[in-house]
2 protein chains.
Amino acid sequence: MTLTTDISGPNIARLAALLADPARAQVMLALMDGRALTAGELAQAGGVSPQTASSHLSKLIDGGLLAVASQGRHRYYRISGPDAAHLVETLSVLSEEEPTARIRTGPRDAKLRTARICYDHLAGSMGVRLLDGLLANGALAGDDSNVRLTAKGEQVFSDFGVDLGALKRKKRPLCRACLDWSERRPHLAGSIGAALLDRFLDEGWIRREKGSRTLIVSTEGLRRYEGLVRR
Amino acid sequence: MTLTTDISGPNIARLAALLADPARAQVMLALMDGRALTAGELAQAGGVSPQTASSHLSKLIDGGLLAVASQGRHRYYRISGPDAAHLVETLSVLSEEEPTARIRTGPRDAKLRTARICYDHLAGSMGVRLLDGLLANGALAGDDSNVRLTAKGEQVFSDFGVDLGALKRKKRPLCRACLDWSERRPHLAGSIGAALLDRFLDEGWIRREKGSRTLIVSTEGLRRYEGLVRR
DNA sequence: GCGACGTTTCGATCGCGATGGAAGCATCAG
DNA sequence: CTGATGCTTCCATCGCGATCGAAACGTCGC
């Protein structure tokens, strides 16, 4: 019984404390590709024992950052929704701010910085250039940080196989600029960003690298991608 | 010496830990009105002794969330920039998500929910309606979460006394949708949002309540405000 | 039924960090 | 100079939470 005395303003601290533990932070980052992982896999990702991970996971559930689904003897954990993902991404951006002599930019990072998943949409330099290109060719309008769909864009995305009618019925915003962790410039998020990546994955033009957020783009995928960006 | 072994991904945890302490969180919230406060005032805001506060403040400085300026025998602390403010606001939104039987909505809250400062721009129901109104009358374009300036908007804001040329020279985006903590809908941020509030404050149409984020709107201020929203 | 596996709960240990007393510095008033 | 004020540094105490062994629970395969 702690009583927490008074609630003046939102208790940021409680929420921040959830992400203040290295193991829990790693768990959140591991789930940022939008997939659901088992408790055991997350224990490994966090570098802790299964017991410890279990404790962390239940705290993240209680805090509303994760959702869980039982399936047989496995329990699949995933990020609860776009809000939670956005919080993690915001933290990622700011925590990379001051390099303090950051040396690493190995070849393995290179792929990750080119194309990766950010929760449910394309990120990395390809994600950034996607937003740039769509703005340049008039499918989207606005400046870097504020985007909206144009009439031409409706045509473009419909041609690409995106069901815009279905997206508009959802509460989630169509376009959204999400600050890119590695590029430090915005990429395309929102339901359209998610729908585009879905198409790429469904058609096999892009596939996930085994256990990471890295995306692998086929030549056909690159062709389709350029088709969207150029026009 | 802790060595931190490896750096796989940004170390969110270290940044989150800064905000995980109740005293530090209160300090950040106290500074969300954009003013600079002394160490002593912040100690009181955090509910801790001056020694303890000093320790917290230096940690927040090291973490890049605060900036400090010495002036005589006082040290004035302020939030380091828009990024840090945005992080705190993001946390506020998400930490208010699940009400868990939240009962409080007292009269003192009412004023705060009507008009308050969010770092450097207008927030609360007036901030939300400002964005809505400017979108409706065509000064801004886009949907709720993605806004851009229109030709008509350039006229409107210039007439209101905003130096758009100066704003455009800055790196900061002109318009930005900032999710409102109390309304759960976006209000107008970015350099235009900041410039508008500046005008209101400079002219005395709006003034700050003594030691809080609450804003007090004069009848003249309300008239000017309606002039912007209606048109 | 049995054992193997994935996961959670319980319990005890242990270390990090928040805390405030005391002292040290700097600035200001006189 | 002296004394007061604002802030920081040093230091010892202390409590919370992260951790993992051991055990319990639930599911799968046989």
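Colleague: Which residue is the bridge partner of A:Thr38 in β3(A)?
Modeller: This is a predicted model, and what follows is computed from its coordinates. The strands β1(A) and β3(A) pair in the antiparallel sense, over 2 bridges. Within β3(A), the bridge partner of A:Thr38 is A:Tyr76.

Colleague: Which strands of chain A stand at the edges of the sheet, and why is one side of each left without a neighbour?
Modeller: The sheet is an open one of 3 strands with antiparallel pairing, and its order in chain A is β1-β3-β2. Strands of a sheet pair through backbone hydrogen bonds, in either the parallel or the antiparallel sense. Each of the edge strands has a single partner strand, so one side of each is without a neighbour in the sheet, and these strands are β1 (37-38) and β2 (66-71) of chain A.

Colleague: Which element gives the most to the surface near DNA strand C?
Modeller: DNA strand C is surrounded by 21 residues, and A:Thr38, A:Gly40, A:Gln51, A:Ser54 and B:Gly72 are the closest. At least two residues each come from α3 (39-46), α4 (50-62) and β3 (74-79) of chain A, and likewise from α4 (50-62) of chain B. With 6 residues, the element that gives the most is α4(A).

Colleague: How do the residues of the surface near DNA strand D divide by class?
Modeller: Among the 21 residues around DNA strand D, those that come nearest are A:Gly72, B:Thr38, B:Gly40, B:Gln51 and B:Ser54. Two or more residues are given by α4 of chain A and by each of α3 (39-46), α4 and β3 (74-79) of chain B, while the largest share, 6 residues, comes from α4(B). By class, the residues of this surface divide into 5 nonpolar, 12 polar and 4 charged.

Colleague: How are α2(A) and α1(B) oriented to each other?
Modeller: Helix α2 (residues 22-30) of chain A packs against helix α1 (residues 12-19) of chain B at an angle of about 120°, with the axes 9 Å apart. The crossing of α2(A) and α1(B) is right-handed. Since roughly perpendicular covers 65 to 115 degrees and roughly antiparallel begins over 145, the orientation of α2(A) and α1(B) is therefore oblique.

Colleague: Does B:Pro22 count as buried or exposed, or as partly exposed?
Modeller: B:Pro22 is found in helix α2 (residues 22-30) of chain B, and its C-alpha atom is separated by 7.4 Å from that of B:Gly46, 24 residues apart along the chain. A residue is buried at 20 or more C-beta neighbours within 10 Å and exposed at 12 or fewer. Because B:Pro22 has 19 such neighbours, it counts as partly exposed.

Key
Residues numbered from 1 in each chain as written. Chains lettered and ligands numbered in written order. Predicted model: local features only at pLDDT ≥ 70, side-chain atom pairs only at ≥ 80, totals over all residues. Near = placed C-beta within 6 Å. Helix = DSSP H or I, 4+ residues; strand = E, 2+ residues; numbered from the N terminus. Nonpolar A, V, L, I, M, F, W, Y, C, P; charged D, E, K, R; others polar. Pairing = 2+ DSSP bridges. Axes fitted to C-alpha atoms, helices over the stretch in contact; angles between N-to-C directions. Parallel < 35°, antiparallel > 145°, perpendicular 65-115°, else oblique. Left-handed = near helix turned anticlockwise from the far one by under 90°.
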